[in-house]
Amino acid sequence: RQEYLSEIISESNRMVSFANDILEYSTSDNISLFISKISFDDFIEDLSKTLQNHFEKFNISVIVKNEFHELISFDIERMRRVIINIATNAKNALINKGSNDSTFTIESKFDTESNQLIINCIDNGPGVHESIQATLFEPFVTYGAHNGSGLGMAIVKKIVETHSGSIQLHTKINEGTTFSISIPVINEETI
């Protein structure tokens with residue numbers, strides 16, 4: 001009985017997650033951001049702890065290379081979701097790769113020329129399959145995920161763009177993938 005109950009709970013959670021994805025995507029033209037100011041060091045430290053706790057079960061190393069040590073204003077929960085979604089996709093790809101040297105790296109730095117925070121999410125997995133590279137950020141696009149909604153990356157893109165940012169995919173088959181997120185840093189003097 002316990003086995004069936006666990007399966008029912010797991011599937012129920014998956015259905016709730018799917019419904020939430022559809023709801024968020026369908027209303028995402030009007031995403032309301034709850035902008036807060038936070039130390040980026042604190043944000044990335046908390047996020048990396050969450051990822052490390054989850055990834056160590058799968059023998060995947062989480063590496064953080066943070067060069068941005070300032071306050072940042074953004075929707076903390078939504079930006080957290082952006083990186084966790086990318087990381088979860090990377091984890092799934094790395095698990096399927098079946099390597100002992102799997103890594104997920106978050107690199108962050110400030111680009112003085114564009115006045116933007118650049119966050120690179122990098123994995124050394126198999127790369128994004130060519131058949132979905134051009135449509136990856138469109139709704140209901142999925143590859144290899146058995147329980148995904150196909151909305152994750154579409155939602156990621158909308159959240160980043162709602163922050164007046166951009167996201168780019170760089171991938172090489174059998175070498176890995178980098179998602180590069182650029183978010184404008186609002187200077188207090190310009191407000």
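1. Asp46 has 43% relative accessibility, so Asp46 counts as partly exposed; the label covers the range between buried, under 20% relative accessible area, and exposed, over 50% (1.4 Å probe, protein chains only). Its salt-bridge partner is Arg80, with the closest N and O atoms 3.0 Å apart. A salt bridge here is a side-chain nitrogen of Lys or Arg within 4 Å of a carboxyl oxygen of Asp or Glu. Arg80 itself counts as buried because its relative accessibility is 17%.

2. A word on the ground rules, since this is a predicted model: local features need pLDDT of at least 70, side-chain atom pairs count only at pLDDT 80 or more, and totals for chains, interfaces and linings use all residues. Residues are numbered from 1 along each chain as its sequence is written, and side-chain values use heavy atoms, with hydrogens and water left out.

3. Searching the whole structure gives four salt bridges. The one between Arg80 and Asp46 links distant parts of the chain: Arg80 belongs to helix α3 (residues 76-97) and Asp46 to helix α2 (residues 40-55), 34 residues apart. Helices (H or I, at least four residues) and strands (E, at least two) are DSSP runs, numbered from the N terminus.

4. Another of these pairs is Arg78 with Asp75, at 3.6 Å from N to O. Both Arg78 and Asp75 are buried.

5. Staying with α5 (residues 152-162), its buried residues are Gly152, Met153, Ala154, Ile155, Val156, Ile159 and Val160. After the helix comes Ser164, which has a positive phi, near 60°.

6. Finally, do have a look at Ser108 in strand β4 (residues 103-111). With 2% relative accessibility, Ser108 counts as buried. Its side chain makes a polar contact of 2.7 Å with that of Asn66; the term means a pair of N or O atoms within 3.5 Å, where within protein one must be able to donate a hydrogen and the other to accept it, and residues adjacent in sequence count only if both atoms are side-chain atoms. Beyond neighbours within four places in sequence, Ser108 is in contact with residues including Phe40, Phe68, Leu117 and Ile119, contact meaning heavy atoms within 4.5 Å.
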